[in-house]
Amino acid sequence: DTELSVPNQLPVDTGWESIYENTAKPARGADDTSAMDYLENQDGDAEGLVEHLTGQLELMSLTDLDLAIGRYLIHNLNDDGYLADDLEDLYQDLIEGIDEELTLEEVKVLQHIITTLDPVGCGSSSLQESLLAQLKTKDQSDKTVQDATLLVQDNFAELEKQNLKQLT
């Protein structure tokens, strides 16, 4: 690990960006455009997203086993931020690789936790699941959010086809 040191006095015209590399990440609950900006500005570096998600996971009060499960799931994300394999297949790989008792429910809980990290929706199994995770961060009393949730939850096939006539 490299240690950053800040000089005691900075010249007046020195900005923070000249001292630190620009690594600002959108805060949890940030609007969707800032999350997209973060993803788009990763220069195709999937490791950046893996490190970003893993760093957030490590700040949580998780058991060593849960942290290991979470890290494994994060390392099995594809370039779009979705799980690369079926969750049950990943679960089977996990139980073969660890000596402790493990249930599929425990793995599902860790997947859900990952979907709540920033950017929200990463770690989902599908676009529909990702959109629902993002909608859960919005004001649930808002009629538009309620309608969008119903649309994604109950009419996703028509939404994917952009069948506006049927959706209306």
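Residues are called buried under 20% relative accessible area, exposed over 50%, and partly exposed in between (1.4 Å probe, protein chains only). The model described here is predicted: local features need pLDDT of at least 70, side-chain atom pairs count only at pLDDT 80 or more, and totals for chains, interfaces and linings use all residues. Residues are numbered from 1 along each chain as its sequence is written, and side-chain values use heavy atoms, with hydrogens and water left out.

The protein contains 10 helices and 0 strands. Helices are DSSP runs of H or I with at least four residues, strands are runs of E with at least two, and both are numbered from the N terminus. Of the 168 residues, 32% are buried. The exposed surface comes to about 11600 Å², with 47% supplied by carbon and sulfur atoms. These areas come from the Shrake-Rupley method with a 1.4 Å probe; for residues, only the protein chains shown count as cover. A contact means heavy atoms within 4.5 Å. Among contacts between residues at least 6 apart in sequence, 43% join residues at least 24 apart.

Helix 3 spans residues 46-58 and includes Thr 54. Thr 54 counts as buried because its relative accessibility is 10%. Leaving aside residues up to four places away in sequence, Thr 54 touches Arg 71, Ile 74 and His 75.

The whole structure holds 4 salt bridges. Such a bridge needs a side-chain nitrogen of Lys or Arg within 4 Å of a carboxyl oxygen of Asp or Glu. One of them joins Glu 58 and Arg 71 at 2.8 Å, N to O. Glu 58 lies in helix 3 and Arg 71 in helix 4, so this pair ties together parts 13 residues apart in sequence. Glu 58 is partly exposed at 41%. Arg 71 is also partly exposed, with a relative accessible area of 33%.

A salt bridge also links the side chains of Glu 105 and Lys 108 (3.8 Å, N to O). Both residues lie in helix 6 (residues 104-116), 3 residues apart, about one turn of the helix. Glu 105 is exposed at 51% relative accessibility, whereas Lys 108 is partly exposed at 36%. Glu 158 pairs with Lys 161 in a salt bridge, with the closest N and O atoms 3.6 Å apart. Lys 161 is exposed, at 58% relative accessibility.
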